[in-house]
Every structure is written in structure tokens, then in C-alpha cells.
Amino acid sequence: METYTKKRIEIIVELPMLRRVLDAIDKAGASGYTVVPVLSGRGTSGEWRGDAMIGDTGHMAQVIVVTSEHRIESMLEGIYALVKRQVGIVTVSDVEVIRPEHFS
Amino acid sequence: METYTKKRIEIIVELPMLRRVLDAIDKAGASGYTVVPVLSGRGTSGEWRGDAMIGDTGHMAQVIVVTSEHRIESMLEGIYALVKRQVGIVTVSDVEVIRPEHFS
Amino acid sequence: METYTKKRIEIIVELPMLRRVLDAIDKAGASGYTVVPVLSGRGTSGEWRGDAMIGDTGHMAQVIVVTSEHRIESMLEGIYALVKRQVGIVTVSDVEVIRPEHFS
Amino acid sequence: MDGTLSLALANLLSPPVLFFALGLAAALAKSDLAIPEQVAKTLAIYLMIAIGFKGGVEVAKFGFDTGLLLALAGGAVLSALIPMVAFGYLRAFSKLDGINAAAVAAHYGSISIVTLVAATQAVQTLNLPFEGYIVAVAAVMETPAILTALWLATRADPSAKSSGESDGALMREIMLNGSVVVLVGAFIIGWVTGEEGLTRIAPFIVDPFQGVLCLFLLDMGVVAGRGLRQGAKLLDWRLVVFGLTMPLVGAAMAAPVAYLIGLEPGGAALFITLAASASYIAVPAAMRVALPEAKPAIYLTLSLGITFPFNITLGIPLYAALGQMIAG
Amino acid sequence: MDGTLSLALANLLSPPVLFFALGLAAALAKSDLAIPEQVAKTLAIYLMIAIGFKGGVEVAKFGFDTGLLLALAGGAVLSALIPMVAFGYLRAFSKLDGINAAAVAAHYGSISIVTLVAATQAVQTLNLPFEGYIVAVAAVMETPAILTALWLATRADPSAKSSGESDGALMREIMLNGSVVVLVGAFIIGWVTGEEGLTRIAPFIVDPFQGVLCLFLLDMGVVAGRGLRQGAKLLDWRLVVFGLTMPLVGAAMAAPVAYLIGLEPGGAALFITLAASASYIAVPAAMRVALPEAKPAIYLTLSLGITFPFNITLGIPLYAALGQMIAG
Amino acid sequence: MDGTLSLALANLLSPPVLFFALGLAAALAKSDLAIPEQVAKTLAIYLMIAIGFKGGVEVAKFGFDTGLLLALAGGAVLSALIPMVAFGYLRAFSKLDGINAAAVAAHYGSISIVTLVAATQAVQTLNLPFEGYIVAVAAVMETPAILTALWLATRADPSAKSSGESDGALMREIMLNGSVVVLVGAFIIGWVTGEEGLTRIAPFIVDPFQGVLCLFLLDMGVVAGRGLRQGAKLLDWRLVVFGLTMPLVGAAMAAPVAYLIGLEPGGAALFITLAASASYIAVPAAMRVALPEAKPAIYLTLSLGITFPFNITLGIPLYAALGQMIAG
Ligand SMILES: Nc1ncnc2c1ncn2[C@@H]1O[C@H](COP(=O)(O)O)[C@@H](O)[C@H]1O
Ligand SMILES: Nc1ncnc2c1ncn2[C@@H]1O[C@H](COP(=O)(O)O)[C@@H](O)[C@H]1O
Ligand SMILES: Nc1ncnc2c1ncn2[C@@H]1O[C@H](COP(=O)(O)O)[C@@H](O)[C@H]1O
Ligand code: NA
Ligand code: NA
Ligand code: NA
């Protein structure tokens, strides 16, 4: 089965910023994204647990975007502009996909 | 600590098809899988949010399978046969593991 | 946008051991971690489904740690010491990040 | 007629319908209001337990006659036939292709429990007597429609059905679906424990029932509103007309059956409501597996965004009036 | 005075406050006790529905007068002004920089619905009459404070506000926030359906209300306790003093307004409580978007860990006494 | 004896037990029925609050005597001793190795709150008087069994215990476990607020209690059924016999203690029930940490799949009869 190389971006972002990050992903031309819940975490801004919070502040979610290499640059810039003053992390890795027409 | 190279398959699949995908993974000889919840997403078939749905239709989950290189081919074929007419995406990447005997 | 190479460790671990694994990650000097919920799974110790359980036994979660190459060795050893007699799996992969100062 | 109008108005201004409207409005205004998923699922289970149990208690109280068997049979036949009519209607009137028409048709043959719950409230408000076993009829009507629809779809396009899946396995899956099991199980438990059992759990399943229904309908409103926002572009005016009139077609088919069975006025109203209602949980999931090419945005938007609101607001008073007419 | 003391004691020993203390103690002792997230969110929606609906029913019963408009206007003005006072207080007394001071100030101009709910219980226990439309005032007081705070922050540091975000969009987002929508929506539904509607859903929103509040406050205690454990190191004694006295400042500002509006004793107590309470859901989220440099650990710990417990335990009896004094 | 039989039958046909059976049947038939996790967790917290609070109110009403201290001490001793008997039984009769036998034994020394809740319902139906402080005894019986079991395991295999974990840390973790904290906390709050507090929250924790219990037992049935399906292959007939008879052994050990303490008939029945019940939340989690080599599929299936259903159906009527005999 033939596979094609794409990039997988994973963004851990605070819930109040989520909508804005998803809009930036759209604007950068990705064909889709997936949001995964996060239970708890720790980072430079301390430790948190979702079930010991009320409201969205400090509560993270994880966004997964599979996209083509050539979109990475502009997408990272759009995301970075949004999250540079916020908590949250961004990682990029290589993946193979089987249905290339599914991703832009 | 010695590590061993394996493949990590990640499948985003609609809930009504989940059971069938897991069965295909079993049949392809993987020693295990992990299912992770998904909150929301966007793709060629539009945008969705789990808490604004009723029932499983259109609601995705993510399946993670760590397996040996040599099983990838047949596993992808089994999965592809299932999801080719459905929504959903499949990515494959390289990972290192520490307990190779744990994975087939 | 410049990126920097890091390692992404993903640990699938039983809930009763979670706190101990997070402590080991802290002790190994990682600057953070993220815990993601798991719905169900299958492995050498059988199949399970979170909504058909009561209590934490047999219920897994997934921990994600992004960290520097040079910490991997000691971190894997710390984690391995904890989980070697438990159920659970550990994978390591390469990722690029954009804010290197965020990770130790 | 005047009674029907004032009933319709009373229904429109009842808390459950207003909470539904609130959810709908919130979703259309892009508010982030939502009942969390796991809670919404539990509320659905609660409604099943409550309506099933109370139905069983009624049967324990009044016993049952051949009416039960007739109603079960009548329901099953209606569920199998309505999709044919719906399919013909869609093929003649709308521009849907065979596969999508079949998928939509399946929904209208099957039923919506929440519509039944709302109708039961209305019927009780009107003091119309009804048979407790109607909930068992609801369970029986869930699935036959799917088989008809799959047959229609393969007739329209032999490659429509997803390969490798036997109808039997799919039917089994639907009939073991959590909500059906709870509905039927609670019905049996209600039957076995009767009035005495009801006394013990009434403060849980009877007293707060209407309030819980409000919460659930608030969520349904949100779901319907978002569905409409997503799916509106796929519905032309013909499909909207279908979604508003197909329940009436189903009702018209069910009315003579209800009459023949000899149901009480409230029972007839509920029986007609079942026929007029459309599935939005079990059938869509089955369609995703069996007819993956059919577009969920079409059938879900029709069922949840058009027919469900219509039934909840205007349909139910109409079916209550109809029930009174034929059985009065 | 003696009445106030015994009221304070009765309040301290009431089940809701004791459950709050239990949650707080559990979290401080590092117990893993927690109400699951989705359930906690649903409990919050329940409280909004219950308090909104009952407020609407009151208005339906007693009609409303110019008092409503005056109270809405008075609430909005207070919400906009209190942050200025809070900001001045913080800049003069604490060591917070301009941005963090502005962010904290926003919280104290806005309101806490759960505090209002707890105060409503106290006021009812005391048989103090109150205006049902106070819940509408609460909705109006949510947002003006945020605009004031953003203005204060940009005056302190022109680069403070996150770029590219218009205030209008943010305001729209906050006013369409699920809890505000449910509160206002339930208020209107209560108004429309009146006593009759209430009778239908009272076993859901009235009878078990105090028990549900206990469960919710148990969770709030856990949240406050964990917040304190995480955030304590960021609070010096000056900030603690601020968190304990700023509610009194807000109360002092609101009391004359309540007097001028001519509110009933209970209504005045609730109005004062709103001014004295601090937001911990809507405002923090808005601050994360608009003033990302401000530290959540500071404003959340102050609002949730210091001011909320103070209000729940000692503040409310005080505001009730105050309400009686000025309106008695 | 006749009374016991009719009581057993009444118990078997009560709504809670029938809902348990429904869940069990659904899971065995591979239905996807399930109560969502977060809701199930909340239901468990609700049960703890309700039973704890009501116990505390009883103590507030009737005061307490040396019986409380005796019962606490007796419970702790039983919890520590029962595992030894269970261990001996298993080593002599089954083929389990030392580590697995020790892990299983721990479960039978500890207790199941839901079994206690169900027994309390039965005892109330029978109008048997009981001491409110039994819930405090339940809290005390949670942990001693674990220490005994760890000691047994290390005697059997010195490398059994996971290294680096002090028993103290583990004990602390279990005693700060959310359910223990809520149970004891609600007990104290009930004690402090007494009848007056109960009146305020009775519509939440008393009236709907049995209904909520039905929902929870439905879920327990599902959990037990799935556990049985997964774990059945690990249980031979000897283990099944153990799971059905070990509760009787525990009951036999507890009966003389209850007699010596001088408990009321209902109190004796509940005390015996505690001894006869087996843990399925706290102890399994502790075993995963402390004895990772022991197989969860064995101890969980025994406790949840065999002993819990036995107690819920046949055990409780038996223990009620026993309580009446020794204290009547
Ligand atoms: N090194 C890391 N590995 C994995 N997740 C991290 C890491 N650092 C931060 N995070 C996640 O990002 C959130 C915010 O991080 P921070 O901005 O550093 O406070 C944390 O709560 C974690 O969920
Ligand atoms: N490029 C993508 N990156 C990440 N997730 C995606 C992507 N495309 C699709 N998805 C996920 O897969 C689901 C179905 O995709 P689709 O079949 O394209 O509608 C979406 O709702 C997303 O959750
Ligand atoms: N090959 C695998 N791929 C993905 N997840 C796995 C795999 N093997 C095990 N797991 C996960 O780890 C858990 C425990 O595995 P085990 O220790 O093999 O029983 C399983 O329930 C799965 O959630
Ligand atoms: Na129908
Ligand atoms: Na305020
Ligand atoms: Na025991």
C-alpha cells in the first residue's frame, strides 16, 4: 500500500484560545484538524488538573493537524503569533498517510 | 537503555465504525491498541463538536496501534478496506520502544 | 520559522500508577508533561473499556513528555523501573519544536 | 379544532418546548452552550428508564389484551412500510439520489423516543387514557425500517451497501443498542414490580421527570441548532417540505391502524406520534455502517433539524387531536 | 448585631457551607476527591436554570416596575466603576504591576453566580422579600468590568492587550457564554410560564436545589483548595488583605445604590452581594485572551481561594444585615 | 426461615436488584449499554454523601455510646483478620499462588459500600432499628485488610511487594481516597447539622435515593457482566466456590462480634454485611501499586462478578435474618 509523507503538528493550547488557534489553522489552508481532550499537565506555568478547575482558564486541549510540508512554515507562524504570549507547546513530526488527496 | 524500532499507526475513525476497525487490527495480528477520545474536528465532511451531537454518527475517536514494520502492510490494507468509504484518516510514524516483547 | 529537535515520549500507564510516573518524570528533569484520557484498549493483559469499569484498576491514561535527547536515557530508566511489573507501554519519537526554551 | 389550537398554544408555551427553543436559539447565535456529552447520554438513559418503567407499571395495573400483540404487529408493519412511501415521495418530489433517499427513508420508518416522551406529557396533561405497552411498540418499531431501506438502496444501486457486513449482524447490533435494552428492560421491571416498585422510585423517575426533560430538550435544541447551521446548505426547499410533511404522511398511515387495533384516545395519539417521528440516534449510526455513501448531513438535518422541532411544537397537538377523533 | 452574629453562625453551620469546607479540607490534604468535569459543568447549568427560572416566575407573579430598569442600570454602572476602585486600591497598597492589577480588578467588577445562589438561600431562610429580577441584574453585571479593566491595562502599558482582538468580538463571546445564555433564557421562560410552569418543574429545580448546591459547593471547595495550594506562593499578605476587604468595598459602593433604587431588604442584600462577589469563570477566560501576560494564578487564587470563601462564610450574613438596615 | 425466604424473594424482585440483573444481562449479551464514566463516579459520590449524611443524622438524634468505639475496634480487627482466614482458605482449597491469594484475601477483609447501601435499604424495609455510626465502621474497615495482605504476600514471596513504596504512603493514599473522605465528611456534616440539615437536603439525598441506586446498580451490573466475560476463563470452579462461600465465612466471623458489641438487629445485620462484602475499588487500586504481579482479572472478577451479585441477591436477606437472630 503506497504511503505519502506529510507533517503532523500537535498543539497543546489553553481552552480560551482554542477557537482562535483553529481559525488560524483554517486560514493557513489545512484541510482539517482534530481536537483531543487533556486531563492534566505541568509546564512552566505550573501544574493543573481539569477536574479541580472551574471554567476554561488554564485547561488545555490538544490539536492535531496533518498537513503538507509546504504549509508548515505559514501555519507555524500563524499559530506562533497566537500562542507566543500564552501557555502551550507546539511539536511537528513526520508521518506517512495513505489517502493523500485527503490532506492539503 | 536499549530501544527497538516499531511503527505507530494512528487512525481517526467514526464511532459507528470503531468496533470494526478494532477487529481488523486484531485480525492483522497486532498485540494491542489504545482508543483515545476526540472532542471535535474538521475535515472534508465538515466541522463537528461532540457536545453538540446526539448519538455516534459523525463523532470520531482516535485509535493508536504500535506494531512491527512487517505487519504494517496488511494492517493498512485491512483498515483501508473498512474506512475507504467512510470519513477518517490514518497516519503512520516511526517510534522507539523499550519492551519489544510487548508488541507483535 | 526555526525549529529544534526534541524527543516525544508517550507512556500508556494504569491510573493507579499515574502519580508515580509523573513524579518520575519530574525527577528526571523534564520541564512538563501532558496527560490525555484513554477510552479503551487491548494488550497482553486483555481488553478493557473505561465505561464498563468501576475504579481505576485496569484503566489507562496516556502521558506525553517532550524533552531533550540527553534526558531520554535517565527518564526511560526511571519510568521503566516503575512500569516493568505493571501493564503499560512506552514509545519515543523525534519531534521538532518552535520554542526550545520551553523544554528542558 | 379550537381545542387543538389552544392545545397547540399551550404546548408551545410549555417549559420543555421553550427550553428546546432556548437551545436552538443559543446554537444559532453561536453560543458555546452545551450539555456535556456524558451527561446528555445519561439523561437519555434516564428518559428510557422512566418511560419504560411507567409503561410496565401501567401494564401491571390494567393487564393487557390482544391489543398488545396487534399493536406490536401493527407497529412493525408500519415501520417496514413507511420507508417505502418516504422513498417514493423523495424520488418523485426531491432531487435526492437513490442511496440518500433510502437512507432518509429509514429514519422516518423508525422512531424517536424523545418525541414519544413529549407526546406522553401532552396526552397526560389532556387526561387522555393510553395503553402502557406503547413503549414496547416503540422498541419494536426501531429496526424494521432499516431492512426496508437497505433493500431499497441495493435496488437503486447494487453497490450501495458496504460489503462484508451481514444485515443480521447489523440488526443484532441495533437491537442490543443500549437505549433499546434499557427501554425494554425497564418496561419489564416496571411490569414485574408494579405499583409497589413505582412507589419506591417515583421520586426519581416521576416527580423530577418534566424538569429533566427540559434539560434534555435544551440539549436537543443545541444539537438541532448546530445541525441546522452545518447542514442547512445541503437542504433545498423541497427537502424542507418533505421534512415538514412526511410526519403527517406517517401519521395518516398510522391513524387507521390505531383505529383497527382499538387503542384508547391517548394510546392512538402516541401510536400515531411514533409513526410520525423520525430516528436520529440508532438509524443514523446504522446508515454510517451500512450505507456509508449516504450523506449524514442530509438525513440528520432533516430528522433532527426539521422533523423533530416540527413534531415537538405543532405535530404533537395535532396527533393528540387525531387520537381523540379516531378513538374518542 | 446579635442577629447578624447568630445568622453568621447559622450560615457557617449550614450544609452547603460545610460541604464547601469539606472540599477545601480534602484538597488541602491532597485527597483525590473531585467531582468529574462534565458533571460539574452540568451542575453549574442546573444552578443557572433554577435561579433564572425562579427569578422569572417572581417577576411574572409580582410584575415589575421602574425598579428593574434602575437596578439594571445601577448594576452596569457598578460593574464598570468597581474595577477602577479595585485598581487604585491594588496599585496603592499591593506590589502588583499595572497589567496584573487591571486583570484582578476586572474580576471584582464582575460577579459570581454561585455566591448569588448562596445568598438567595440565606435571604430566603431569613424570610427577606426580594425582587426576582435580581438575576437579570447579575447577567448585566458580567461584562462591563472587563471593558474598564482593558482600558486600565492599556493605560498602564500600551502593549498589554493582545493584538488583533477587537473588544467587541470578545464582549460578544462573553455575552453568548453558555451560562449567561442559560441564566437569561431560564429567566424569560420562568417569566413566560409563571407559576404554572414552576409547578411542573419544581420537583426538579426547587425541591432538590439545596442538595445539588451542596454537591456543587463540595466541588468549589476542592477547586478553591487546589487553587490555594498552587497559587499561595504568589500571594503576599497584602494581596490576601485585598481579597478579604475588596468585597466590603464593593458592598459599600453598592449599598447606597440599592437604597436609591428602593430595593426590598432581600433584594438589597442580593444586589450588594453581586457587587461584593468576584468572577472566576467568565472573566478569567476573557483575561487569558485579552491580557495574556497577566498571571492567572494571581487573579484566580484571589477570586476563588480568598474572596469566594470569605463571601460564602462571613460576607453573606453581613450583606443580609446590610440589606435589612438600608431597606428595613 | 419462612420469613427469610420471603424476604429473599422480595429482595430479588425489588427494583434495585432487577436493574442490577438488567445490566448484567445486557453486558453478557454484548449490548453496548453503559453509564458514562464521569456520571458513574458522581453517582458513587452521591451514594457516599447520602449514606454518610443520614448516618450522621442518626447519631445526632440518638447520641452514641461505647457501642461506637467497640464497633470501630471490632470492625478494624475483623478487617485485619478476615484476610488471614481467606488466605488460608484459598491456599488450602484453590490453586492460587501466594501472591494472588494474598491479593484476593485483601478484598474480602475490606468492604463494599454499595453492598452496605443495599443492605440498609433492606433493613429499613424490614423496620429493623440500626445504629447510624455503622457508616463510620465501614470507613474504618477499608484499609487494615491491605496491611495484612501485604504481610501475607511478603511472607509467601519476599520479592512480591513492589519496591520503593512504603506501606505508610500507600495507606495514606487509600485513607485520603475521595470516597472515604466524602463518606466520613458527610457523616460529620450530618452529625453537626442533624435533623434540621437533613430536612433541607432530604429531597436530594433521601427521596430520589432508591431511584439513583437503581441507576448505579444498573451500571454495576454492566461492570460485573463485562468483568465476568473477560475474567471467567481465569476462574475455575474452586474459585467460584470460594467467591460464594467466603462472604458466609466473613459473616460467621462478624456475627459473634456484633453480638458482643450489643448492636441492634439492623445494626448487627449491617455489621455482618460489611464483613461479608468485598472491596472492588480501593483495594484493587492498592494491589496494582503494591502487588503488581497479582492478576487483577482474578481478584476483580471474584469480588465484582461473584461475591457482589451473591451478596446483593441472596446474602443480604441472610445477613438480615442473622442480625435479627443474634440481636432479636
Ligand atoms: N515538556 C512538556 N511535555 C509535554 N507537555 C508539556 C510540556 N511542557 C508543557 N506542556 C503542556 O503545556 C501546558 C502549558 O505549558 P506551559 O506553557 O509551559 O505552562 C502544560 O500544562 C502541559 O499540559
Ligand atoms: N488534516 C487533518 N488533520 C487532522 N485531523 C483531520 C484532518 N482531516 C480530517 N481529520 C479528522 O478526521 C475527521 C474526518 O475527516 P474527513 O473524513 O476529512 O471529514 C475530521 O472530523 C477530523 O477529526
Ligand atoms: N501494541 C499496542 N499498541 C497500542 N496500545 C497498546 C499496545 N499494547 C498495549 N497497549 C495499551 O496498553 C495497555 C496495557 O497493555 P498490556 O500491558 O499489554 O496489557 C492496553 O490496554 C492498551 O491500552
Ligand atoms: Na416513524
Ligand atoms: Na463584583
Ligand atoms: Na469484608
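This is a predicted model: local features need pLDDT of at least 70, side-chain atom pairs count only at pLDDT 80 or more; totals for chains, interfaces and linings use all residues.
On the chain A side, a backbone N or O atom of A:Val66 sits 2.9 Å from a nitrogen atom of ligand 2. Taken alone, ligand 2 exposes 480 Å², and the protein buries 99% of that; accessible areas here come from the Shrake-Rupley method with a 1.4 Å probe, and for residues only the protein chains shown count as cover.

Now step back to the whole shell. Ligand 2 is surrounded by 20 residues, the closest being A:Thr34, A:His102, B:Thr44, B:Ser45 and B:Trp48; a residue is counted if one of its heavy atoms lies within 4 Å of the molecule. Because these surrounding residues come from chains A and B, the site is shared between chains. Chain A brings strand 2 (33-37) and strand 5 (60-67), while chain B brings strand 3 (40-43) and strand 6 (88-97), and each of these strands supplies at least two residues of the shell. Helices (H or I, at least four residues) and strands (E, at least two) are DSSP runs, numbered from the N terminus. By residue type, the shell divides into 10 nonpolar, 9 polar and 1 charged, where Ala, Val, Leu, Ile, Met, Phe, Trp, Tyr, Cys and Pro count as nonpolar, Asp, Glu, Lys and Arg as charged, and the others, Gly among them, as polar.

Let us move on to ligand 1. Here the surrounding residues belong to chains A and C, so this site is shared between chains too. The shell holds 20 residues, and A:Thr44, A:Ser45, A:Trp48, C:Thr34 and C:His102 are the closest. An oxygen atom of ligand 1 is 2.7 Å from a polar backbone atom of A:Thr44, and an oxygen atom is 2.7 Å from an N or O atom in the side chain of A:Trp48. From chain C, the side chain of C:Thr34 places an N or O atom 2.8 Å from an oxygen atom of ligand 1. Of the 470 Å² that ligand 1 exposes when taken alone, the protein buries 99%.

Finally, look at where chain D meets chain F. The contact (heavy atoms within 4.5 Å) takes 23 residues from chain D and 26 residues from chain F. About 2100 Å² is buried between them, with carbon and sulfur atoms giving 76%; buried area is the accessible area (1.4 Å probe) that two parts lose on being put together, summed over both. D:Gln38, D:Arg200 and D:Phe204 supply 30% of the area that chain D buries against chain F, more than any other three residues. There are 5 residue pairs in polar contact, both residues at pLDDT 80 or more. Helix 3 (37-62) and helix 10 (178-205) of chain D are the elements that give two or more residues to its side of the contact, and helix 10 gives the most, with 13 residues.

A word on conventions: residues are numbered from 1 along each chain as its sequence is written, and chains are lettered from A and ligands numbered from 1 in the order in which they are written. Local features need pLDDT of at least 70, side-chain atom pairs count only at pLDDT 80 or more, and totals for chains, interfaces and linings use all residues, while side-chain values use heavy atoms, with hydrogens and water left out.

Conventions:
A polar contact is a pair of N or O atoms within 3.5 Å; within protein, one must be able to donate a hydrogen and the other to accept it, and residues adjacent in sequence count only if both atoms are side-chain atoms.
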